[in-house]
Amino acid sequence: MTLKDLPPDARPREKLLARGAGALSDAELLALLLRTGTAGRGVLQMAQEVLDSFGGLAGLLHASADDLKRIKGLGGSAKRAELVAVLELARRALAEQL
């Protein structure tokens, strides 16, 4: 299912702006970062598959660029680099809290 198939109030971007980031699932938040899926696989499905591959957000937080490269749709450098940057920001924020 593509994002366009969802009612407007169920689409991640619109949902975030209307109800705040806390209203979104982990997969929806990740889908916003990924922006697009692959042929035959919508971005929400791709996001859920990424999370499942790493055992959730905690596992994804420990993923390297090479780990991400193994996921279909993250083989290219642009999307993978953006995700690696966000993960690094999250790691740094966690380190500051400690």
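Tutor: A nonpolar core here is a set of buried Ala, Val, Leu, Ile, Met, Phe, Trp, Tyr and Cys residues joined through side-chain atoms within 4.5 Å, where buried means under 20% relative accessible area, exposed over 50% and partly exposed in between, with a 1.4 Å probe and protein chains only. This is a predicted model, in which local features need pLDDT of at least 70 and side-chain atom pairs count only at pLDDT 80 or more, while totals for chains, interfaces and linings use all residues. Residues are numbered from 1 along each chain as its sequence is written, and side-chain values use heavy atoms, with hydrogens and water left out.

Student: Which residues of helix 2 are buried?
Tutor: A27, E28, L30, A31 and L34 are buried in helix 2. Seen down the helix axis, they fall within an arc of 165°, taken from the directions from the axis to the C-beta atoms, so they line one face of the helix. The cover over these buried residues includes helix 1 (12-19), helix 3, helix 4 and helix 6.

Student: What happens just after helix 2?
Tutor: There R35 takes a positive phi of about 70°, although R35 is not a glycine, and its place is in the loop between helix 2 and helix 3. Most residues other than glycine have a negative phi.

Student: Changing topic, how many cavities of 30 Å³ or more are there?
Tutor: A search of the whole structure finds one, and about 30 Å³ of space lies in the largest cavity. A cavity is a set of points, on a 1 Å grid over the protein atoms alone, where a 1.4 Å probe fits but cannot get out, and lining residues have an atom within 4 Å of a point. Grid points are joined across faces, edges and corners, and the volume is the space filled by probe spheres set on the points.

Student: Which residues line the largest cavity?
Tutor: L33, L34, R35, K79, E82 and L83 line it, with helix 6 giving the most, three residues.

Technical notes. On a 1 Å grid over the protein atoms alone, a cavity is a set of points where a 1.4 Å probe fits but cannot get out, and a pocket is an open set with protein on both sides within 12 Å along at least five of seven lines; lining residues have an atom within 4 Å of a point. Helices (H or I, at least four residues) and strands (E, at least two) are DSSP runs, numbered from the N terminus. Contact means heavy atoms within 4.5 Å.
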